[in-house]
Amino acid sequence: MAVARFWRENASRYNLIGTKCGVCERVYFPPRSVCPTCHRQSIGKMEPFKLNGEGEVLTFSIVHDAPSQLEMQKPYVIAIVQMEEGVRITGQIIDVELDEVKVGMKVRTTLRKVSDDGAAGVIHYGYKFMPL
Ligand SMILES: [Zn+2]
């Protein structure tokens with residue numbers, strides 16, 4: 001991924017900045033430049049919108065077979081979280097016992113190290129969820 005694109009997308013990820021359609025008021029995350037509901041009507045009316053970071057677990061699964069960079073963390077929980085603003089975000093739930101994760105559980109986002117690209121010295125951060 002090009003460096004410029006990486007940083008632009010990361011600014012949005014760090015701050016949970018999505019977009020809100022000025023026509024129908026739906027919120028999107030990651031940001032969109034056109035509302036998929038309003039199409040052309042929404043062009044030029046999409047405004048940056050910061051999510052408050054709180055939501056509840058819609059569904060989740062426990063991952064036992066992790067990609068190598070997550071080997072140390074497995075098993076871990078991946079959930080789809082319904083944010084208060086209506087968008088759904090998929091992410092890892094941390095700081096919780098596996099058997100404590102429930103549908104409807106209140107969570108909030110937290111910024112954590114996602115991966116560590118050792119050779120290049122690049123550390124990637126992103127949002128994860130923790131219990132409220
Ligand atoms: Zn719209």
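Which residues touch the most other members of the largest nonpolar core? The legends below take up this question view by view.

**View 1. The whole chain, as a predicted model.** This is a predicted model, in which local features need pLDDT of at least 70 and side-chain atom pairs count only at pLDDT 80 or more, whereas totals for chains, interfaces and linings use all residues. Residues are numbered from 1 along each chain as its sequence is written. The chain holds one helix and eight strands, where helices (H or I, at least four residues) and strands (E, at least two) are DSSP runs numbered from the N terminus. Read from the N terminus on, the order of these elements is α-β-β-β-β-β-β-β-β. The average pLDDT, the predictor's confidence in each residue from 0 to 100, is 85 for the chain, and 77% of the residues score at least 70. Among the elements, helix α1 (residues 3-15) has the lowest mean pLDDT, 62, while β4 has the highest, 95.

**View 2. The largest nonpolar core.** A nonpolar core is a set of buried Ala, Val, Leu, Ile, Met, Phe, Trp, Tyr and Cys residues joined through C-beta atoms within 7 Å. A residue counts as buried if 20 or more other C-beta atoms lie within 10 Å of its own, as exposed if 12 or fewer do, and as partly exposed in between, with C-beta atoms placed from the backbone. In the largest core, which has 15 residues, Ala79, Val81 and Ile93 touch the most other members. Two or more residues come from each of β4 (54-63), β5 (76-83), β6 (88-93) and β8 (122-131), and β5 gives the most, with four residues.

**View 3. The surroundings of isoleucine 93.** Leaving aside residues up to four places away in sequence, Ile93 touches Phe60, Val77, Ala79, Val101, Val107 and Phe129, where contact means that the C-beta atoms of two residues, placed from the backbone, lie within 7 Å.

**View 4. Strand β5 and its two neighbours.** The covered face of β5 carries Val77, Ala79, Val81 and Met83, while Tyr76, Ile78, Ile80 and Gln82 lie on the uncovered one. Two strands pair if DSSP finds at least two bridges between them; β4 and β5 run antiparallel and are joined by eight bridges, and isoleucine 62 has valine 77 in β5 as its bridge partner. Six bridges join β5 to β6, again in an antiparallel arrangement, with alanine 79 opposite glycine 91 in β6.

**View 5. The hairpin of β5 and β6.** Four residues lie between the two strands of this hairpin, in which glycine 86 takes a positive phi near 105°.
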